[in-house]
Amino acid sequence: MRLNRHLFSIIIFLLLLTNNVFAQTEETMQIDSLMKWSNKIGIFNGNVLVSKNNKIIYSTSFGFTDASKTNRLTTDYRFNIGSITKEFSAVALMQLKEQGKLKLNDKISKFIPELPKWANEVTIKNLLSYTSGIPDVNWKNIKSDKDLFNGLMLIDMLNFKPGENYEYNNNNIFLRHFIVERLTGMNYKTYVEKFIFQPCAMNSSVMTLFENEEKHSQRI
């Protein structure tokens, strides 16, 4: 009788396992069908990874590494994610806030005192919410971080009083970077890789890629 119970339990387990495998296989086939169709009609080019219950159930690549369509894309390629990287500077500032190294209402002149007098009006919160009123970057003269900082030093007035309007521009981002560097004493790129990427096991991610680095795909 006991043997029959064990046998019955094993049979039930195998049936459940088989049903789960079939269900997962069908799910994977549906994902694959959708991605192949999307690539075929020209609305998707890239890498796909789907995880369920901490297990990867689908991972593949579609298309090419660049617009010339000469090199096939593989899962080893890195993508330039553009402006999405701007969120990392917000995370860095909030980490420093949690450590008690800054407050959101701190003026940026507290960290970079050599900036013009407008820095006494702009807060960390303004930089995070793009309400600083700081004019945008003059990209014609920018080739390095030094050029960016020199450009900030040349700004004589804000576009509007901080907090009274919204204007998305990159000078807010670069000021976030400079503040992180002043507070930590390390390069912003190094900070992000050490305190954001590594703890999140983002082992393939880098902040800035050199032009000759391999396995880095251009945006299409």
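Colleague: How many salt bridges does a search of the whole structure find?

Modeller: Side chains of opposite charge can pair when their charged atoms come close. The search of the whole structure finds 5 salt bridges, each being a side-chain nitrogen of Lys or Arg within 4 Å of a carboxyl oxygen of Asp or Glu. This is a predicted model, in which local features need pLDDT of at least 70 and side-chain atom pairs count only at pLDDT 80 or more, while totals for chains, interfaces and linings use all residues. Residues are numbered from 1 along each chain as its sequence is written, and side-chain values use heavy atoms, with hydrogens and water left out.

Colleague: Which residue forms a salt bridge with E27?

Modeller: The partner of E27 is K52, with the closest N and O atoms 3.2 Å apart. Because E27 lies in helix α1 and K52 in strand β1, the pair ties together parts 25 residues apart in sequence. Helices (H or I, at least four residues) and strands (E, at least two) are DSSP runs, numbered from the N terminus.

Colleague: At what angle do helices α2 and α5 pack?

Modeller: Two packed helices are described by the angle between their axes and the distance between the axes. Here α2 (residues 86-98) and α5 (residues 170-184) pack at about 40°, their axes 10 Å apart. Axes are lines fitted to C-alpha atoms, for helices over the stretch in contact, and angles run from 0 to 180 degrees between N-to-C directions.
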